[in-house]
Amino acid sequence: MRWISGVAGLAVLVITVGSVLRNLVVTRGLGSALVRVLWRLTRWLLRRVSAPLRGYEARDRFLAWLAPIVLLAMLWSWLIGLLAGYGLLMYAFSGLSWADSFREAGSSLFTLGFASSVRSRLNALDFVAAASGPLVIALQIAYLPTLYGAYNRRELEVTLLESRVSPPAWGPELLARQALVGTVDELRGLYEDWERLAADIGETHTNYPVLLAFRSPRPYRSWVVALIAVMDAAAMHISLAPTAATVPAARLMLRSGFTALRDIARVVRIPFDPDPRPDGPLRLTFEEYAEAVAHVQRAGFPLERSAEQSWPDFRGWRVNYENIAYALAHSADAVPGLWSGDRDFPSEPLAPRRPTDRRPQPPTR
């Protein structure tokens, strides 16, 4: 019985330490079964609690607790795993009972020392356990500044986007708003900023998948909906005005965007086609696209092609990222913006609200 306990304790320790290393130390986007399980359980619980509530804002207030709960649950899962592993090992290598073995393990793991004994055969385990508890807690504490640094960089650009298109962001409205205020040429800088942000998101959100659960500070903002909007705007820009000066920046932004989404998809196990056909299936219909083209045309956006002429190019770009983007927006319970897919909860797609034109009118005679 005791040797079985020793093997089981060693296995538990290996699994727990491996989970700590995968999540906090090794930056290779290895993924984590622990994070996936905790995320799904916590999301299910919060969704059940918020189910009777009406309106997206009420749900969002509950879902904002998802990431903090997952972080705390990760820490406690590791500590419980270490306690179980050391307790089983101490039972295997001593004549202690089950209760005394776990009492000894807990005393050493949390450096309390109340259960210290003269049993020299446990000294090595006591020392290792005493180092493990503070080390895991220190790693988790050091982990938080990295998470919040990446979160702040992401949310800064999402917030800046609000000055160009009201949340929830929508690609055609982004183009239309720039046409209305005469800043279409300034889209080059936006594409360049989001090219860099997409690369940052691809790096940070694959190494630290718990960032996917962090919501924006305002209910109608969402990083994934904003990224879809900027990518859609870039794809429409290229398709409708292929000779525009902003086209090179738009192409680079699109490439960076769907590369980041594919990196995240590999970690969170979203299936995708790495080399889709340009005429592959889309959930967005041509009728929806044609309405969006008419929307930007009414705003004065300079068109070089019609909706029919530009549709094959736009479709060829969007097929690279649509399925992954929709899956991420669905799993993150993001705000149900236009062209961002469906949700688990009852919702209608929300269009961005355009600000009222407050420019002074010329005096009447």
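Colleague: How do the residues of the lining of the largest pocket divide into nonpolar, polar and charged?

Modeller: Glad you asked! There are 12 nonpolar, two polar and two charged residues. Here Ala, Val, Leu, Ile, Met, Phe, Trp, Tyr, Cys and Pro count as nonpolar, Asp, Glu, Lys and Arg as charged, and the others, Gly among them, as polar. Bear in mind that this is a predicted model, where local features need pLDDT of at least 70 and side-chain atom pairs pLDDT 80 or more, while totals for chains, interfaces and linings use all residues. Residues are numbered from 1 along each chain as its sequence is written, and side-chain values use heavy atoms, with hydrogens and water left out.

Colleague: What makes a space a pocket or a cavity?

Modeller: On a 1 Å grid over the protein atoms alone, a cavity is a set of points where a 1.4 Å probe fits but cannot get out, whereas a pocket is an open set with protein on both sides within 12 Å along at least five of seven lines. Lining residues have an atom within 4 Å of a point. Grid points are joined across faces, edges and corners, and the volume is the space filled by probe spheres set on the points. The largest pocket comes to about 340 Å³. Its lining has 16 residues, with Arg36, Trp39, Leu212, Val268 and Ser331 closest to the centre.

Colleague: Which element gives the most to the lining of the largest pocket?

Modeller: That is α2, with four residues. Elements giving two or more are α2 (33-50), α10 (247-268) and α13. The names follow DSSP runs numbered from the N terminus: helices are H or I with at least four residues, strands E with at least two.

Colleague: How many cavities of 30 Å³ or more are there?

Modeller: Two. The largest holds about 140 Å³, and Phe214, Arg215, Ser216, Ser222 and Ala332 lie nearest its centre among 17 lining residues. That lining divides into 10 nonpolar, two polar and five charged residues. The second largest cavity has about 80 Å³, and among its 13 lining residues Val158, Pro167, Ala169, Arg221 and Ala226 are closest to the centre.

Colleague: Is phenylalanine 214 buried or exposed?

Modeller: Buried means under 20% relative accessible area, exposed over 50%, and partly exposed in between (1.4 Å probe, protein chains only). Phenylalanine 214 has 7%, so it is buried, whereas tyrosine 148, at 36%, counts as partly exposed.

Colleague: And what makes the pair of phenylalanine 314 and tryptophan 339 tilted?

Modeller: Their centres are 6.0 Å apart, with 55° between the planes. Phenylalanine 314 sits in α12 (307-318) and tryptophan 339 in the segment after α13 (322-331), 25 residues apart. At 0%, phenylalanine 314 counts as buried, and tryptophan 339 does too at 8%. Both belong to a cluster in which ring pairs link Trp170, Phe286, Tyr289, Trp311, Phe314 and Trp339.

Colleague: What does serine 222 touch?

Modeller: Leaving out residues up to four places away in sequence, serine 222 touches Val158, Ser216, Ala334 and Val335, where contact means heavy atoms within 4.5 Å. At 10% relative accessibility, serine 222 counts as buried.

Colleague: Where is there a cis peptide bond?

Modeller: Most residues other than glycine have a negative phi, and most peptide bonds are trans. A cis bond joins proline 167 and proline 168, with omega about -5°. At 62% relative accessibility, arginine 269 counts as exposed.

Conventions:
Phe/Tyr/Trp six-rings, centres within 6.5 Å; stacked < 30°, edge-to-face > 60°.
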